[in-house]
Amino acid sequence: MKNLAFFYPENHEKHFQQGHPERPGRVETINTALSTSSLWSNFQPLPPEPMPDDLLFAVHNPDYIKKLNQACIQGSSLDMDTYTTSDSWNLAIQTAGGALAVAHAVWSASHTCGFALTRPPGHHATRERGMG
């Protein structure tokens with residue numbers, strides 16, 4: 001792997017709900033495997049970029065973003081599968097910024113490939129709602 005741009009979500013373990021299948025151990029298992037195999041050792045993780053509102057709103061409806069932010073402030077669930085904590089908002093913005101940093105690094109050709117290990121997850125989310 002030559003010139004890898006990668007992001008690792010610092011403090012992601014603060015997004016946690018006892019007994020929920022989406023948990024910190026999932027990311028830590030990946031991180032441990034990559035660290036043990038020395039795949040991470042030759043590369044420095046990228047810091048997250050600031051996430052501009054216009055980019056966030058290009059992906060998600062502003063009303064959904066407001067609802068998500070409120071749920072995080074309250075530490076409430078969006079639905080049966082999607083929990084939040086008081087730390088989830090900042091972690092989600094950090095994760096989005098990490099993915100953005102990796103995308104910019106690859107797009108600008110400063111790196112030849114990229115990997116964003118993200119958490120909390122958002123890969124099931126739609127423009128209008130989060131999904132587990």
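A: Start with Ala-109, which sits in the loop between helix 4 (88-107) and strand 2. Helices (H or I, at least four residues) and strands (E, at least two) are DSSP runs, numbered from the N terminus. This is a predicted model: local features need pLDDT of at least 70, side-chain atom pairs count only at pLDDT 80 or more, and totals for chains, interfaces and linings use all residues. Residues are numbered from 1 along each chain as its sequence is written, and side-chain values use heavy atoms, with hydrogens and water left out.

Q: What is the phi of Ala-109?

A: Near 70°, a positive value in a residue other than glycine.

Q: Is Ala-109 buried or exposed?

A: Ala-109 counts as exposed, because its relative accessibility is 61%. Buried means under 20% relative accessible area, exposed over 50%, partly exposed in between (1.4 Å probe, protein chains only).

Q: And Asn-11, where is that found?

A: Asn-11 is in the loop between strand 1 (4-7) and helix 1 (24-36). Its phi is positive too, about 65°, although Asn-11 is not a glycine. Asn-11 counts as partly exposed, at 37% relative accessibility.

Q: Switching to peptide bonds. Which residues does the cis one join?

A: Arg-119 and Pro-120, with omega about 10°. Pro-120 falls in the segment after strand 2 (113-116).

Q: Cysteines next. How many disulfides?

A: The count is 0 disulfides, where a disulfide is a pair of cysteine sulfur atoms within 2.5 Å. Cys-72 is buried, at 3% relative accessibility. Cys-113 is partly exposed, at 24%.

Q: Now the whole chain. What order do the elements run in?

A: From the N terminus on, β-α-α-α-α-β. That gives 4 helices and 2 strands. The chain is as compact as a globular protein of its length, because its radius of gyration is 15 Å, close to the 14 Å that the globule rule gives for 132 residues. That radius is taken over C-alpha atoms, and the rule is 2.2 Å times the number of residues to the power 0.38.

Q: What does the C-alpha trace span?

A: About 40 × 35 × 20 Å along its principal axes. Of the 132 residues, 34% count as buried.

Q: And contacts between residues at least 6 apart in sequence? What share joins residues at least 24 apart?

A: 74% of them. Contact means heavy atoms within 4.5 Å.
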